[in-house]
Amino acid sequence: DLLYRHCKLGGILVQTLNPAAGAVDVIIGVGINVHLDEAVRDAVSAPVIDLAAAGWAGERNTLLAAILQ
């Protein structure tokens, strides 16, 4: 989990493919809550936050470009 002030901001998922075939393929995914609807936030049992609530006012594409650099 990616946490900000004890609230889940996102997460990292690692999945392996073909582990019995000798060579292992790994897929790594990163999810970041940019803008969560209030209904989604209320439906999650754990404390969650998004970047907007944390004070970030940028766009998703700008964030992605910064991560990939």
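This is a predicted model: local features need pLDDT of at least 70, side-chain atom pairs count only at pLDDT 80 or more; totals for chains, interfaces and linings use all residues.

Colleague: Core to start. Which residues make up the largest nonpolar core?

Modeller: Six residues: Cys7, Leu9, Val34, Ile49, Leu51 and Leu63.

Colleague: Take Val34. What does Val34 touch, leaving out residues up to four places away in sequence?

Modeller: Val34 touches Asp50, Leu51, Ala52, Trp56, Arg60 and Leu63. Leu51 and Leu63 also belong to the largest nonpolar core.

Colleague: Now charges. How many salt bridges are found in the whole structure?

Modeller: Two. One joins Asp50 to Arg41, with the closest N and O atoms 2.8 Å apart. The other joins Lys8 to Asp1, with a closest N and O distance of 3.1 Å.

Colleague: Take the one with Asp50. Is Asp50 buried or exposed?

Modeller: Asp50 counts as buried, because its relative accessibility is 3% and the cut-off for buried is under 20%.

Colleague: And how does Arg41 count?

Modeller: Arg41 counts as partly exposed, at 28% relative accessibility.

Colleague: Then the other pair. Where do Lys8 and Asp1 stand on accessibility?

Modeller: Lys8 is partly exposed, at 31%. Asp1 is exposed, at 68%.

Colleague: What general idea sits behind such pairs?

Modeller: Side chains of opposite charge can pair when their charged atoms come close.

Colleague: Which residues line the largest pocket?

Modeller: The lining is Val30, Gly31, Ile32, Val34, Arg60, Leu63, Leu64 and Ile67. Two elements give two or more residues each: β3 (25–32) and α2 (60–68).

Colleague: Which element gives the most to that lining?

Modeller: α2, with four residues.

Colleague: How does the lining divide into nonpolar, polar and charged?

Modeller: Six nonpolar, one polar and one charged.

Colleague: How far apart are Leu3 and Ile32?

Modeller: They are 29 residues apart in sequence and 10 Å apart in space, C-alpha to C-alpha.

Colleague: Backbone next. What is phi of Arg5?

Modeller: Phi of Arg5 is near 50°, which is positive in a residue other than glycine. Arg5 sits in the loop between β1 and β2 (7–17). Arg5 is exposed, at 67% relative accessible area.

Colleague: And what about phi of His6?

Modeller: Phi of His6 is near 65°, again a positive value in a non-glycine residue. His6 is in the loop between β1 and β2. His6 counts as exposed, at 76% relative accessibility.

Colleague: Last one. Which helix holds Val40?

Modeller: Helix α1, residues 38–43. Val40 is partly exposed, at 39%.

Colleague: How far is Val40 from Ala57?

Modeller: The C-alpha atoms are 20 Å apart, and the two residues are 17 apart in sequence.

Terms used
Residues are numbered from 1 along each chain as its sequence is written. Side-chain values use heavy atoms; hydrogens and water are left out. A nonpolar core is a set of buried Ala, Val, Leu, Ile, Met, Phe, Trp, Tyr and Cys residues joined through side-chain atoms within 4.5 Å. Buried means under 20% relative accessible area, exposed over 50%, partly exposed in between (1.4 Å probe, protein chains only). Contact means heavy atoms within 4.5 Å. A salt bridge is a side-chain nitrogen of Lys or Arg within 4 Å of a carboxyl oxygen of Asp or Glu. On a 1 Å grid over the protein atoms alone, a cavity is a set of points where a 1.4 Å probe fits but cannot get out, and a pocket is an open set with protein on both sides within 12 Å along at least five of seven lines; lining residues have an atom within 4 Å of a point. Ala, Val, Leu, Ile, Met, Phe, Trp, Tyr, Cys and Pro count as nonpolar, Asp, Glu, Lys and Arg as charged, and the others, Gly among them, as polar.
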